[in-house]
Amino acid sequence: MLDRSKLSFRSKLRLAFLVVTILSVLLTGGLSYSITSSIIENHAMKLTQDSVSQSAQIVDEKLNKLMLVMMTFMISQPFRVMLKDVNAGDASRYFTRLTELDNMFSQARIAEPLIHSIYVATPIGEFYPLSMNRNRQVSFEDTPLYARIAREKRNIWIEGHEDTLFLGKNRVVSLILQPISEDPVKDVYVVVNIREEGLRQLLSTGADGGAARFLLAGDGKPVARETSALIGQAVASGALGSIVDERPTGYTPDKLNGKAYLFNYARLGLNDWSVVAIQSKDHVLKELIYVKWIIAAITAGCFLLTVLVSGAFTRYLLLPLRGLQQVMKRVELNDLAARFESKSNDELAQVGFRFNRMLEQIVKLIDEVKEAETNKRATEIKALSAQMDPHFLYNTLNTIYWKLKLHQVEPSQKMVVALSRLFQLGLNKGQEMTTLDKELQHVRQYLELQTFCYEQLFTYAIEADDELRELAVPRIMLQPLVENSIVHGFDQMDGGGVIRIRAFKSPEGQSCCIQVIDNGAGMPKAPSAQADAKATGERRGAGSGYAIGNLRRRLELYYGDRAGLSLEGAEGEGVTATITIPLEEVL
């Protein structure tokens, strides 16, 4: 034992500090372990439940989308015409109806890739996608599907089974619907076969590696065929039967082969199916092993740290340096207003004061760079917006001259007024930003002038939401796109051209979309990436490529990556140019 009478005061303090530190760490560690074990279990259950609920929501949304696609299919014109033939008992136009419905089948499968096949059984014949091979050896009336729908007389979901209506023996989950019709129809059933594997893959979204996840039907059996031994044991034991009668979401413990498991579940809103996740309780609490080792490591670390501490003087001496360190961390987080403060005037304090002076110089230099960049950006915007095609002015003045020569005074007067108004709106009193309403007036004057220059070549229409007319936009933004349509889109046409300008809010409501649509020559096919870029940017003329590049650059200077310009179209089908700009304050 230690003889405390022979210990120095410094040693006694160090021993007391060591004992207090170790006792504090052990007490804290014990409480932490107890609290952590409870928190980990609860959080693990909540996390798994949230994941299961998310999977149930994903599956529900997918099945609801599928129902919406099928509702759209059943109110389509070809389907309604087919039902009229069924009511009339007229099978003479069967092949015509089959061809018409084949396009609707394709559209439904494109709209929802989860659909494997669609089959329609009617008294005048069966309808199905012509691209699929029908199993002629099995009629619909001979399948369990018909027995179920004939017995239950309502829309039903059929769990996973082998598809006997079509060749290939694919595993599918079926939805049997009765048609939507103004007039009642009998013996007409729509069978939608869903890919079983695709339905199973939906459950993998957000799934964790420790849980077996599957769909459970209302009768206590899996919706899809499962190969997991754990799921098989759960089904065989009857432990899943209680989940069907439980509340919509939650978890319940149970045992399989003597081991404790937790069953998380979430009921679907569309039918009586549930998403179920099975995981071992030992797996949930395995993180506690790491907590034990962490507590042991912290205790050992604190012991070593306490032994190495020689006294409080070190902390006192390092106070100025710690203060400087905190200031540096704030500067790393872009807080350039941080400054070092100290009441002392020693060497470490002098370092901090010099650091303050360095920060002041940095802030000053940053302000100078920002001001220079702002001036540069303003100059570049003015230079880009000032670039205009002199050919247009020459062509307009030449047209006015010849109309006056031919004594067409009234058209000449209209052209002069339009040209004057065009330049008045374009100059915009030296301001680079204008309103969308003035920009539309500017392009309208431009189109009026071009209709005089290119008589009977094209017509135009301008549409815009009233709430967007006061939106601030860059000036002379639409003229290059309209000029591109006239000069390059209609250059091989003698008449019949149409230009349509639309301004509307984007679907998400965060931006304004302005479209210039023409029915001109479109964009040529590009055999390579380089040719594709050239066709998209230039259409067929170098001038348009320059103008569109100019417009893209201006949008980038005004809005950065929040705005953009896209061109869509195919050869011979016209071009749709779309400008997207953020919704900002009006002028």
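Modeller: The side chains of Glu467 and Lys505 meet in a salt bridge at 3.4 Å, N to O; a salt bridge here is a side-chain nitrogen of Lys or Arg within 4 Å of a carboxyl oxygen of Asp or Glu. This is a predicted model, where local features need pLDDT of at least 70, side-chain atom pairs count only at pLDDT 80 or more, and totals for chains, interfaces and linings use all residues. Residues are numbered from 1 along each chain as its sequence is written, and side-chain values use heavy atoms, with hydrogens and water left out.

Colleague: Where do Glu467 and Lys505 lie?

Modeller: Glu467 is in the loop between strand S11 (458–464) and strand S12 (472–474), and Lys505 is in strand S13 (residues 497–505), so the pair ties together parts 38 residues apart in sequence. Helices (H or I, at least four residues) and strands (E, at least two) are DSSP runs, numbered from the N terminus.

Colleague: Is Glu467 buried or exposed?

Modeller: Glu467 is exposed, with a relative accessible area of 56%, and Lys505 is partly exposed at 36%. Buried means under 20% relative accessible area, exposed over 50%, and partly exposed in between (1.4 Å probe, protein chains only).

Colleague: How many salt bridges are there by this rule?

Modeller: The count comes to 20. One of them joins Arg171 and Glu196, with the closest N and O atoms 3.2 Å apart. Arg171 belongs to strand S4 (residues 171–177) and Glu196 to helix H5 (residues 196–202), 25 residues apart. Arg171 is partly exposed at 26% relative accessibility, whereas Glu196 is buried at 3%.

Colleague: Which residues do salt bridges with shared partners join into one network?

Modeller: That network consists of Asp85, Asp90, Arg93, Arg97 and Glu100.

Colleague: Let us turn to helix H2. Which of its residues are buried?

Modeller: Pro78, Phe79, Val81, Met82, Leu83, Asp85 and Val86 are buried in H2. The helix covers residues 77–88 and is followed by Gly89, whose phi is positive, near 65 degrees.

Colleague: And the sheet with S6 in it: what is its strand order?

Modeller: The order is S6-S9-S8-S7 in an open sheet of 4 strands, with antiparallel pairing; two strands pair if DSSP finds at least two bridges between them. Strand S6 (211–216) and strand S7 (249–256) stand at the edges with a single partner strand each, so one side of each lacks a neighbour in the sheet.

Colleague: How many bridges join S7 to S8?

Modeller: There are 8 bridges between S7 and strand S8 (residues 259–267), which run antiparallel. Leu256 stands opposite Lys259 in S8.

Methods. Expected span 1.5 Å × (residues − 1).
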